[in-house]
Amino acid sequence: MISNQSWQTFFQRAGRRAVVFLDYLGGMTLFFVAACQTLRHPPWFCREIIIQMFHLGVKTFWLVALASFSVGLVLAMQGIKVLSWFGAANYVATSVAFAMVKELGPVMSAVMLAARGGAGMGAELGSMRVTSQIDALTVSAVNPIKYLVVTRIAACMLVAPLLATAADIIGILGGMVIGVTQLGMSANTYYYLTLKYMQVRDVLPNIGKTVIFGAIVGNVSCYHGFHTKHGTFGVGQATKTAVVTAILLILVADVFLTKLTLLIWP
């Protein structure tokens, strides 16, 4: 029998954790709002945004390419087995295309961006915080939020759709390899079945939601890096927390964004 005191202790702990979690989300939200408010006046550091896009996009591309190609191969191999039960093995091209475009491509590319780019941003800003480089920017009359945070968030938001598009294409090519080698399909037939049922409304909303994923990765990573404490130990903690939090928020946001896109484009 659980005593009333035990229940009271449980609810107190749950309440404290809920308040801490809401305070954490509120802090990240206010951090993003503060970053957006700095865009009202120049300079906008476009050159820095391009540099960050290179570091985040080009260097993450090969991870996305390898992961999406592997997923495309696996989807096709599993799809052939299931579809062959219904005598529709050729439609593996359609199933792989829809799986990649609607879900796996956007989410997988965003997760890779968080794992590689988010970790890098968190560690970089965390190191700058503990070595007082951010304070030096403030003393030099440079807004650190605008120069360090806004440029990285903008770069993530710009590069995420490009990575998602690449993931979709490469994943479909992975499926084509299996379709051609195991089913004996021609490349033209696979290409035709890939596009036969695909419409613009199947592609654009799912590519568009990666902009939100990019904002999540950039904001979470910069928030943890910008507020790093406790020296080099804090840098490691900030990096780890930034990656884990960004991936979880991407998956949660994907649920709501998917539901929203289904309501708008049924």
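Which side chain meets Asp202 in a salt bridge? The side chain of Lys102 does, with an N to O distance of 3.3 Å. The model is predicted.

Asp202 belongs to helix 7 and Lys102 to helix 3 (residues 92–130), so their pairing ties together parts that are 100 residues apart in sequence. The burial of the two partners can be read separately. Asp202 has 9% relative accessibility, so Asp202 counts as buried. Lys102 is at 31% and counts as partly exposed.

In total, the count comes to 5 salt bridges. Side chains of opposite charge can pair when their charged atoms come close.

Arg152 and Glu124 form a salt bridge, and their closest N and O atoms are 3.0 Å apart. This pair links distant parts of the chain. Arg152 sits in helix 5, Glu124 sits in helix 3, and 28 residues separate them.

Is Arg152 buried or exposed? Its relative accessibility is 2%, so Arg152 counts as buried. Glu124, with a relative accessible area of 35%, is partly exposed.

Asp254 pairs with Lys209 in a salt bridge. The closest N and O atoms are 2.7 Å apart. Here too the pair links distant parts of the chain: Asp254 in helix 8 (residues 231–264) and Lys209 in helix 7, 45 residues apart. Both residues, Asp254 and Lys209, are buried.

## The largest pocket

The largest pocket has a volume of about 260 Å³. Its lining comprises 13 residues. Closest to the centre are Asp168, Ile169, Ile172, Thr194 and Leu195.

Helix 5 gives the most, with 6 residues. By residue class, the lining divides into 10 nonpolar, 2 polar and 1 charged.

Val177 is located in helix 5. Its relative accessible area is 36%, so Val177 is partly exposed; patch residues need over 30%.

## Backbone features in the loops

Where is the cis peptide bond that involves Pro43? The bond runs from Pro42 to Pro43, with omega near 0°. Pro43 lies in the loop between helix 1 (4–37) and helix 2 (46–83).

Ser132 is not a glycine, yet it has a positive phi of about 65°. Ser132 is found in the loop between helix 3 and helix 4 (133–139). With a relative accessible area of 40%, Ser132 is partly exposed. His230 also has a positive phi of about 65° and is not a glycine. The loop between helix 7 and helix 8 holds His230. At 69% relative accessibility, His230 counts as exposed.

How values were computed
Residues are numbered from 1 along each chain as its sequence is written. This is a predicted model: local features need pLDDT of at least 70, side-chain atom pairs count only at pLDDT 80 or more; totals for chains, interfaces and linings use all residues. Side-chain values use heavy atoms; hydrogens and water are left out. Helices (H or I, at least four residues) and strands (E, at least two) are DSSP runs, numbered from the N terminus. Buried means under 20% relative accessible area, exposed over 50%, partly exposed in between (1.4 Å probe, protein chains only). On a 1 Å grid over the protein atoms alone, a cavity is a set of points where a 1.4 Å probe fits but cannot get out, and a pocket is an open set with protein on both sides within 12 Å along at least five of seven lines; lining residues have an atom within 4 Å of a point. Grid points are joined across faces, edges and corners, and a volume is the space filled by probe spheres set on the points. Ala, Val, Leu, Ile, Met, Phe, Trp, Tyr, Cys and Pro count as nonpolar, Asp, Glu, Lys and Arg as charged, and the others, Gly among them, as polar. A salt bridge is a side-chain nitrogen of Lys or Arg within 4 Å of a carboxyl oxygen of Asp or Glu.
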